[in-house]
Amino acid sequence: MKLARLVAAIGIAGMLGGMGQAQANLDEGFDGAIPPPGWATINNSTPIGITDWFQGNTGVFDAQSGAADSYIAANFLAAANG
C-alpha cells in the first residue's frame, strides 16, 4: 500500500514538474515583408480608408520580441469616415 502511494506521488510530481515550462507553439515573426509569406491581409472596413496593414511603428511601441518593429499594425486610417 505504501509503495503504491509512493509510485503515485512520484508520477504526479513528474507531471506537475513539466507544467512550469512553457514553450512557443506558434512563432511567426514579422521581421520582413508585410504580409509574411503564406499570410493574407484583409481590411473589412466599410468604406475602406487610405491605409492598410503596415510594419510595426517603434514610435508607438516596440514588439514583444524580435526586432523592435517586428509586428504588423493598422490604425484608424484603415477606415474612411462614415
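Is Ser70 buried or exposed? Ser70 is buried, because its relative accessible area is 10%. Here buried means under 20% relative accessible area, exposed means over 50%, and partly exposed lies in between (1.4 Å probe, protein chains only).

## Basis of the model

This is a predicted model, in which local features need pLDDT of at least 70 and side-chain atom pairs count only at pLDDT 80 or more, while totals for chains, interfaces and linings use all residues. Residues are numbered from 1 along each chain as its sequence is written, and side-chain values use heavy atoms, with hydrogens and water left out.

## The chain as a whole

The protein chain contains 1 helix and 2 strands, and these elements follow the order α-β-β from the N terminus. Helices (H or I, at least four residues) and strands (E, at least two) are DSSP runs, numbered from the N terminus.

Of the 82 residues in the protein chain, 10% are buried. The chain exposes about 6,600 Å², of which carbon and sulfur atoms supply 60%; accessible areas come from the Shrake-Rupley method with a 1.4 Å probe, and for residues only the protein chains shown count as cover. Among contacts (heavy atoms within 4.5 Å) with a separation of 6 or more, 39% join residues 24 or more positions apart.

## The surroundings of Ser70

Ser70 belongs to the loop between E1 and E2. Leaving aside residues up to four places away in sequence, Ser70 touches Gly29, Phe30, Asp31, Gln55, Ala63 and Ser65.

Two of these neighbours are also reached by the side chain of Ser70: the side chain of Asp31, through a polar contact at 2.7 Å, and the backbone nitrogen of Phe30, at 3.4 Å. A polar contact is a pair of N or O atoms within 3.5 Å; within protein, one must be able to donate a hydrogen and the other to accept it, and residues adjacent in sequence count only if both atoms are side-chain atoms.

Ala33 lies in the loop between helix H1 (2-17) and strand E1 (54-55). Ala33 is exposed because its relative accessible area is 54%. Ala33 and Gln55 stand 22 residues apart in sequence, with 8.2 Å between their C-alpha atoms.

Ile50, Phe76 and Leu77 form a nonpolar surface patch of about 370 Å². Leu77, in the segment after strand E2 (72-73), counts as partly exposed because its relative accessibility is 31%. Patches are made of residues with over 30% relative accessible area and no salt bridge, where like charges are joined within 9 Å and nonpolar side chains (Val, Leu, Ile, Met, Phe, Trp, Tyr) within 5 Å. A salt bridge is a side-chain nitrogen of Lys or Arg within 4 Å of a carboxyl oxygen of Asp or Glu.
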